[in-house]
2 protein chains.
Amino acid sequence: MVRSPVWAGRPKTRGLVLDVIRAARSISRVELAAATGLTGATISEVVRELIGDGLVVEAGRGASTGGKPRTLVQLNPVARYSVGVQLERNACVIVVVDLAGRQVARTSFRGVASLPPDQALPLVAAQVEALLTTAAVDRDKVLGVGLVSYGPQDRHAGVLLTPQPTEEWYDYPVAPRLAEQLGLPVLLDNDAAAAAIGEYWMGAVEPHSTYGCIYMATGIGGGVVVAGEVYRGSSSNSAEIGHISIDVHGEECSCGNVGCLENYAGPSTVVRQALATPGLARRLALDPAADDFLTEFARIAAAANTGDPEARELIERSARYLGHAAVTVAVLFDLDVVVLAGPSFVVAGSIYQSVIQQELDRRLFARRAHPVRVVPSVNGSDAAAMGGAVLVLQSELTLGRSLPEDGARPAPAVAGADEAS
Amino acid sequence: MVRSPVWAGRPKTRGLVLDVIRAARSISRVELAAATGLTGATISEVVRELIGDGLVVEAGRGASTGGKPRTLVQLNPVARYSVGVQLERNACVIVVVDLAGRQVARTSFRGVASLPPDQALPLVAAQVEALLTTAAVDRDKVLGVGLVSYGPQDRHAGVLLTPQPTEEWYDYPVAPRLAEQLGLPVLLDNDAAAAAIGEYWMGAVEPHSTYGCIYMATGIGGGVVVAGEVYRGSSSNSAEIGHISIDVHGEECSCGNVGCLENYAGPSTVVRQALATPGLARRLALDPAADDFLTEFARIAAAANTGDPEARELIERSARYLGHAAVTVAVLFDLDVVVLAGPSFVVAGSIYQSVIQQELDRRLFARRAHPVRVVPSVNGSDAAAMGGAVLVLQSELTLGRSLPEDGARPAPAVAGADEAS
């Protein structure tokens, strides 16, 4: 495969120029110089190299501003690809995206994560291979795989530090094993962090904004992005919003904390409450024995949308608790935007959006300094898998951190060393 | 005054070298090259310039490692000074620190913040002048003043966005006015953020750690530092831990939120609870009419230390609530360390430290990834004022962001522009 000639030298400069081209979609060299603060000569040289590497192409001329019209450059979307894999208790979603972040192929299947990892990962690898073949993507152009799943994790070692999806996954080297099987670099990351960065790459948020993503599938996770990079903290196990407490007098959660948000607002709680509401359970034909509560949750969400008062009350209660926790995250991280992502926001997203917005407008300590806006994810239900693919593109192309072939991630460099000049 | 010749050129490199010298206390040029990733030639040139500017001095020879012993360099502590001013409802603390962060003079006085700002600021300015005169600090060597107080704030405009200390302070241009009166640059910042960065400058935390500071005076604030810089978020109004909710069913706070930590754990609540405990109130001779509840709180804390069971129960309850909120902050920011700073931790700090540590050990989602340690601040009761002074040193010397003469802060530069190379 291509080992990024992108990073022959001056990684920060090349990454910065590529990221500005990506965000602008198409841009002239003069505008690039203005946006990056680099000289025209540096821009010309870097753009020439990027065109030589096939990552960037010329794309017609912009409007004249007096002199002759300027030639525009843009990313060459078919120059590179990456793969996103989301592993969840109930489902596995795999996407292939191009350099512009467009989804070129997608598959999803169920049940794989209830297998032990040494049986599940070969199935995942086979599905990735099949998807690349179906999409007719040249293997040499695939930068790598972003595997996203539950926290906590040891991201550098490529290991999950949670007994989810099942006990056997705890401490199993998921990223190195998948990398061996695919012969591609694999990075492991948190699903909610991935969903968060996906918004940035797709241009759905202002480049310099500070935003949080609430990711809801079977559980509830969170990710925060500051000026285009995922907030990492000490060990990349940050913003686990599902396991912050909203009730100091609440019951103990399996994580060790008390009053965890997930147990108040999560889909399994809403389904349990609906099953305990006889009329509602009967009307929606809810199955108390269903092993996939997301389908039952989607029914309740759909009924809330169409005006069933009991369903609406349950969804609004869940949204109110989420709004309460969103206030905590916004107060602590001083957010501009809260993005709602993941499959469990898809059906009743507009109810969640309006209730969470109300809570932020009423409760926020710094609301005199600036408002916080709640928006749905541009990647909807596939946000985590798409974000996994984006993390690979970002790591390889704009942040200049190569993925090693064996899937384990390099230790961070000494801060400041490569930016000093 | 001296307009930092430090920043004639290459601010990132000079700032990085200065920061490594600061952290190491004394270091050879060879070690500097290793620690920064810069070449020996660059180090020699930068160190020559820093010596020329008087910021760094040679300081004897290190141990030989085979060849001839290496000359060590260190900061010249008397080369520059800065002033920290903390304005609080009950007290104002002013400190003068040298380049090494050592306190060379201190004063504190009461009552000033209950005056309107146009009467209070001239008094503060006069105290700063008097302190600089007493300490015989050359005015030309004073880089500026770090004024720290309540959030929310508009840090760039130098304005408080809170009706604290009194209504007249809301939206009053505190930093520009104080700058005019002193003829020195003044930056405004959050008291808890200042307390947090003070720990870093004093070398009390690992340089690359992610840590949070809980700052408790009359209220409860918070600050987070990532690899030596304050986490800012959208508008520098981050980590306001006193106004995160710990109880979704709690009472509404004046900030608009419900169940705010400050109303469960803060000194005024502890004092109110003690006054409602007749035996305790009598034993400690608590004054229900006292306008300064910090003195009453200190008595309760002292009684808890000496084993009064009722006092101990109240302090432990406050600590338990703080621990609960500390878990939230640690889960969201993925912290390594929690620092306890400010006057209200001084007396019963060891009780707070051990209870908060217990909560983190039991409740933390990512405790399998790494532990979180609770430590007292090295700056104790003066942490905010010391931190205010440190923010000036850091801004001017190692981050390369000059303070403007008029006290208003410059807008942030386009990200990436000055680090691309």
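## Contact between chains A and B

Two residues are taken to be in contact if their C-beta atoms, placed from the backbone, lie within 7 Å. By that criterion, in this predicted model, chain A contributes 58 residues to its contact with chain B, and chain B contributes 58 residues in turn.

On the side of chain A that touches chain B, the elements giving two or more residues are α1 (11-24), α11 (309-333) and α12 (349-363) of chain A. Of these, α11(A) gives the most, with 8 residues. Sorted by class, the residues on this side of chain A comprise 25 nonpolar, 21 polar and 12 charged.

## Helix pair α2 and α3 of chain B

Within chain B, the axes of helix α2 (residues 29-36) and helix α3 (residues 40-52) come within 9 Å of each other and cross at roughly 115 degrees, and the crossing of α2(B) and α3(B) is right-handed.

The residues that meet here are R29(B), L32(B) and A33(B) from α2(B), and G40(B), I43(B), S44(B) and V47(B) from α3(B). By class, this contact of α2(B) with α3(B) consists of 4 nonpolar, 2 polar and 1 charged residues.

How values were computed. Residues are numbered from 1 along each chain as its sequence is written. Chains are lettered from A and ligands numbered from 1 in the order in which they are written. This is a predicted model: local features need pLDDT of at least 70, side-chain atom pairs count only at pLDDT 80 or more; totals for chains, interfaces and linings use all residues. Axes are lines fitted to C-alpha atoms, for helices over the stretch in contact, and angles run from 0 to 180 degrees between N-to-C directions. Helices (H or I, at least four residues) and strands (E, at least two) are DSSP runs, numbered from the N terminus. A crossing is left-handed if the near helix is turned anticlockwise from the far one by less than a right angle, and right-handed if clockwise. Ala, Val, Leu, Ile, Met, Phe, Trp, Tyr, Cys and Pro count as nonpolar, Asp, Glu, Lys and Arg as charged, and the others, Gly among them, as polar.
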